[in-house]
Amino acid sequence: MIILKTPAEIAIMAEASKIVAEVLEIIQRAVEPGISTDELDRLAEQEIRARGGIPAFKGYRNYPKTLCASINEQVVHGIPSKRKLKEGDIIGLDLGAIVGGFYGDSAVTVPVGKIQDSTRQLVRVTEEALYFGIEKAVVGNRLTDISHAVQHHAESFGYSVVTEFVGHGVGRQLHEEPQVPNYGKPGQGPRLQSGMVLAIEPMVNIGGSAVRVLNDRWTAVTADGSLSAHFEHTIAIQPSGPARVLSERPGRAN
Ligand code: MF3
Ligand code: CO
């Protein structure tokens, strides 16, 4: 677990997440029917390196690419390929960068062209669940106050949260303590402290919560084939007031 103490540490973690946010915005704008996920991956790597960052996922436990690109019933860790996006798809774009030894990690789910209203609602509610979780990331709260807020919002729409993958601390490594589940009773786990940096990442399914991993050993899909959405931010807990969303994309509120 990292506890940010010096202004230099805070600045460099903010820079790593800013690069992730800018590049996610660029990839998001490139999403359209006919583009392949390999093309999005190449764009991501090029734009991270152009900003002085290093792709955080490439080579991590032998993951082969810069981007995770998870389409429709794919939950997380979809490997970019020649597969082309189609109108009506949704795609989760998950990206990490390293700057000066510090990691930033963020994800967004975006529509490909026009999507069904029911699909749009899943995407909106998943992003809302992330922000309800972030609202609980304040000094004095406990870790599962975040988890509970995420789960409560998703389930209030009849959706289910994935339990086999969780958020995490992030700092000098991609995955640090503590784990940040997207479910649980409030008021449990460690007390949140100023300077803690967390990657909060709800994965929400329209159907059941069960997932399985494909034979490529990475791609997680819903067991029932239902659609899934994923959003993630790297946030830093402040001495007082709301958390700082280090990976906020340009042109968004907060
Ligand atoms: N945001 C994801 C996570 O924290 C991305 C990891 S992809 C990997 O697990 F390839 F790096 F594992
Ligand atoms: Co993550």
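Ligand 1 sits in the largest pocket. A pocket here is an open set of points on a 1 Å grid over the protein atoms alone, with protein on both sides within 12 Å along at least five of seven lines. "Sits in" requires more than half of the ligand's atoms within 2 Å of the grid points.

Keep in mind that this is a predicted model: local features need pLDDT of at least 70, side-chain atom pairs count only at pLDDT 80 or more, and totals for chains, interfaces and linings use all residues. Side-chain values use heavy atoms, with hydrogens and water left out, residues are numbered from 1 along each chain as its sequence is written, and chains are lettered from A and ligands numbered from 1 in the order in which they are written.

Now the shell. Ligand 1 is surrounded by 13 residues, counted when a heavy atom lies within 4 Å. The closest are Y63, D94, H168, H175 and E232. By class, the shell has six nonpolar, three polar and four charged residues. Asp, Glu, Lys and Arg count as charged; Ala, Val, Leu, Ile, Met, Phe, Trp, Tyr, Cys and Pro as nonpolar; the others, Gly among them, as polar.

For D105, a side-chain N or O atom is 3.1 Å from a nitrogen of ligand 1. H168 has a side-chain N or O atom 2.9 Å from a ligand oxygen. Of the 330 Å² that ligand 1 exposes when taken alone, the protein buries 95%. Those areas are Shrake-Rupley, 1.4 Å probe.

On to the strands. They are DSSP runs of E, at least two residues, numbered from the N terminus. Pairing takes at least two DSSP bridges. β7, residues 167–169, pairs antiparallel with β8 over three bridges. The two make a hairpin with six residues between them. G169 faces E176 of β8.

β8 covers residues 176–180 and contains P178. The E177 to P178 peptide bond is cis, omega near -10°.

One more backbone point. N62 has a positive phi, near 70°, and is not a glycine. N62 lies in the loop between β1 (54–55) and β2 (67–71).

Last, an open three-stranded sheet, order β6-β10-β13, antiparallel. Why do β6 and β13 each have one side without a neighbour in the sheet? Because β6 (160–161) and β13 (228–230) stand at the edges, each with a single partner strand. β6 pairs with β10, residues 203–205, over two bridges. There, S160 stands opposite N205.

Key:
A polar contact is a pair of N or O atoms within 3.5 Å; within protein, one must be able to donate a hydrogen and the other to accept it, and residues adjacent in sequence count only if both atoms are side-chain atoms. On a 1 Å grid over the protein atoms alone, a cavity is a set of points where a 1.4 Å probe fits but cannot get out, and a pocket is an open set with protein on both sides within 12 Å along at least five of seven lines; lining residues have an atom within 4 Å of a point. Helices (H or I, at least four residues) and strands (E, at least two) are DSSP runs, numbered from the N terminus.
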